[in-house]
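Try each task before reading its solution.

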Amino acid sequence: MARKIAIVGGTGAEGSGLAYRLAKAGEHILIGSRDAARAQETARLLRERVGSEGQIEGMDNASAAAACDIAILTVHFSGAAALLKQLKSRWKPGTIVIDTTVPLAATVGGAATRMLGVWQGSAAEQTKELLPAGVSLAATFQNLGAEVLSGDEPVDCDVLVCSDDEKAKQAASELVAKIPGTRALNGGKLENARIVESLTALLIGLNMRYKVHGAGIRFTWLPVK
């Protein structure tokens, strides 16, 4: 049976962009939302874009978490902890969670180019504390903008994957590679997510100063594979 990938908070711009790219690559996508009807409508619109081959369903976040093999967390940082507490009993053992969350000050009314201090060190490390035993975590996709993901052009960006679990890191890297133009790079331990997350604020500032929407990062002198 094909695996199912839940996009938790999938009706937002980042979540629906990832859902679109991964559904185009042949993945079975579950759009999760607080409002099941909104998730179903987003799934319908994405199926229209992807075509008849697209496997995209809409449901509430709890149902998506319970049914998936891999979950991608795409909610705002300000609501992530509360949602993860609600979902703690819903995850199946062996589920892999991929955290895209960035603690930007904009999530609490501040500037998009500033980071919030997180007691655990990063949004990803906070997420790890809120997941039950038997559920592994990787952090990635933080530096891919929603507008870039929602289009059809190749994405000119390296994507760092941080995790303390090799299986989770491999699964996340495989999903990164399904987006044309990206290259998944081993970002090391989960604690390195605090560095990766901060790059998002820097990229937002570059977008603003240069009046673009898709500033990304590339690392040189690394093997292609």
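**Exercise 1.** Find which residue just after H2 takes a positive phi, and give its value.

*Solution.* Step to the position just after the helix: Gly51 has a positive phi of about 110 degrees. Keep in mind that this is a predicted model.

**Exercise 2.** Compare the reach of H2 with its expected span.

*Solution.* Begin with the residue range, 36–50, which gives 15 residues. From the first C-alpha to the last, H2 reaches 21 Å, close to the 21 Å expected at 1.5 Å a residue. Then look at the start of the helix, where a side-chain oxygen of Asp35 comes to within 3.0 Å of the backbone nitrogen of Ala37.

**Exercise 3.** Work out which residues of H2 are buried and what covers them.

*Solution.* First list the buried positions in H2: Ala39, Thr42, Ala43, Leu46 and Val50. These lie on the same side of H2, because they cover an arc of only 105 degrees around the axis. Next, look at the cover over these buried residues, which includes helix H1 (13–24), strand E2 (28–33) and strand E3 (55–60).

**Exercise 4.** Locate Lys178 and decide how accessible Lys178 is.

*Solution.* Lys178 sits in the loop between helix H7 (166–177) and strand E8 (182–188). Its relative accessibility is 30%, so Lys178 counts as partly exposed, since that class lies between under 20% for buried and over 50% for exposed. Leaving aside residues up to four places away in sequence, Lys178 touches Arg3, Leu22, Ala25 and Glu27. As for Pro103, 75 residues apart from Lys178 along the chain, the two C-alpha atoms are separated by 26 Å.

Note on methods. Residues numbered from 1 in each chain as written. Predicted model: local features only at pLDDT ≥ 70, side-chain atom pairs only at ≥ 80, totals over all residues. Heavy atoms only, no water. Helix = DSSP H or I, 4+ residues; strand = E, 2+ residues; numbered from the N terminus. Expected span 1.5 Å × (residues − 1). Buried < 20%, exposed > 50% of the residue type's maximum accessible area, 1.4 Å probe, protein only. Arc of directions from axis to C-beta. Contact = heavy atoms within 4.5 Å. Polar contact = N/O pair within 3.5 Å; in protein donor to acceptor, adjacent residues only side chain to side chain.
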